[in-house]
Amino acid sequence: MDADAPAGARSGPGDGRKKLLVVGAGISGLAGAWWAREAGHDVEVLEAAEVPGGRVACVEHEGDRVPVGAQYYHRCYRDVTDLLTELGFGDRFQRVGHGQRMVHAEDLFDARRATDLRRLLSVGGKLSALYFGMRYLGPGKRFPSHELRADVPAMDDRLLSDAVAHLDRTFGDTVVRPTCRGLAQAEPELVSLLHYVRLANMQTRTFSIPGGTYSLAEALADRLPVEYGARVATLLEERGRVVGARLEDGSERRADHVLLALPGQAAARVVPGALGELKANLESSRHGAAIVPVFFLDRAVQGGFANYLDTDPDRPFAVGLDHAGSTPSGRSAVALFGWGRAAEPLVEASDDTVLALAMEQLGRFLPDFNPNWVVHASVKRHPFGAPRFPVGQYRRNWELQQLAERQPGLSLTDARGAHQEASVRRARWAVRNELGHAR
Ligand SMILES: Cc1cc2nc3c(=O)[nH]c(=O)nc-3n(C[C@H](O)[C@H](O)[C@H](O)COP(=O)(O)OP(=O)(O)OC[C@H]3O[C@@H](n4cnc5c(N)ncnc54)[C@H](O)[C@@H]3O)c2cc1C
């Protein structure tokens, strides 16, 4: 234990073994705790909720499980894939995401069929798509999707809506706006060009595991010492170093290192005022809320997994996913995703109101839909859904990362990337660089 380490931490003398206190049992906190323990350290995980997973969540009905947070993994995920393999899921990857349908002007299109796409885009639209790909998406491949490497002002200081304003409208309305709503969970007027390009470039083939993404969180939580109902009120700081945390019940936990595995806005609440710059940066971050109604049906509708995108910007639910291909019963279970401007009025609405609106929109995705098919329905809410990425956010994130790396006793997993891989990667970085291997 080094001389500055806090009293009460249980590290072994001279063996390099440290105690890691993890705040948050979402996928990044669990991953950090897992790798720290694999490296020979002691870990303790504090979770405010009564279940693990955070934004990796599921709803279950008669043995069919539907993810109502993170839906699937992308082939480009490196650290999450390692984690899946280490937890024994390596030979059970299931491909998902092959059916892509778009609702546009009351018609349903197959987004993967060239003939359908030709109907959606005018000649100008196709040329605009080509231009956008060559001008932004191609060059943008050098900015990694899951980590921050440097400031990129040319794309970070530009709104996506400005970048496409002079392009053909059919391209903006049927490609950019709906995909931006689907990927960034916000409208192009609120998203920097850089964020959209990073998200679009990470759209590799998708996969999941039996029971969905929650199965990984569950498997990790089962193997780790997680204390539930343990909400941290503030981190403890002594002479500039983070030495532990105080819980809302007044009890304190000490450790050699703290991994704060919360979304930025939640992290801001527990970072003490003494860490002023770090706290101010976190306070400036914003997340949008996400509302996810889910319907279990008495039949398989289209067959297999289908992903529906609604191009109407005034509809509250931008995306719908039918998990029929992965439910043990083979029946459809459709989750709808409400976020952004059109869904804002639903944040305060009752579940009944949300379900009624969702049911109405479900009829757009499933043309012959009959409400009598619904055997069970529920609503999941994420107060901190996806991080907002307005212009300049990438730079603020880059600054945050540098501030956090200089802060003794503390690491953050909030990378303000939009996906699991980004925060899991930060957790792994923290374990490798701040704890190392115990001898
Ligand atoms: C609707 C939706 C769909 C998504 N789809 C995908 C997808 O398909 N693929 C993908 O890779 N990613 C997806 N994401 C993103 C992904 O879910 C997140 O990036 C990831 O789950 C974040 O994990 P985390 O551990 O960093 O944070 P979180 O999951 O937010 O975990 C934070 C945890 O900390 C706890 N907590 C909060 N405050 C305190 C406190 N004071 N004390 C103690 N505990 C506290 C919370 O209860 C929570 O369990 C989606 C997100 C949403 C909302």
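Which domains each give at least three residues to the shell around the ligand? They are domain 1 (19-53 + 214-285 + 389-435) and domain 2 (58-98 + 287-382).

This is a predicted model, so start with confidence. The protein chain has a mean pLDDT of 91, and 95% of its residues reach 70 or more. Over residues 1-10, however, the pLDDT is below 50. That stretch still has 19 contacts in the model beyond near neighbours in sequence. Where pLDDT is low, predicted coordinates should not be read in detail.

Now turn to the ligand. There are 36 residues around it, and Gly24, Gly26, Ser28, Gly54 and Ser423 come nearest. Helix α1 gives the largest share, with three residues. By type, the shell holds 20 nonpolar, 13 polar and three charged residues.

Next, follow helix α14. It covers residues 420-435, 16 residues in total. From first C-alpha to last it reaches 22 Å, close to the 22 Å expected at 1.5 Å a residue.

Is α14 mostly covered or mostly open? It is mostly covered, with 12 of its 16 residues buried. Among the buried residues are Ser423, Val424, Arg425 and Leu435. Ser423 is also one of the residues that come nearest the ligand.

What do the buried residues of α14 pack against? Their partners are the strands β1 (19-23), β14 (257-260) and β20 (410-412), along with the helices α1 (27-38) and α2 (79-86). Just after α14 comes Gly436, with a positive phi of about 65 degrees.

Conventions
Residues numbered from 1 in each chain as written. Predicted model: local features only at pLDDT ≥ 70, side-chain atom pairs only at ≥ 80, totals over all residues. Helix = DSSP H or I, 4+ residues; strand = E, 2+ residues; numbered from the N terminus. Expected span 1.5 Å × (residues − 1). Buried ≥ 20, exposed ≤ 12 C-beta atoms within 10 Å, placed from the backbone. Contact = placed C-beta atoms within 7 Å. pLDDT = per-residue confidence, 0-100. Near = placed C-beta within 6 Å. Nonpolar A, V, L, I, M, F, W, Y, C, P; charged D, E, K, R; others polar. Domains from an automatic or database assignment.
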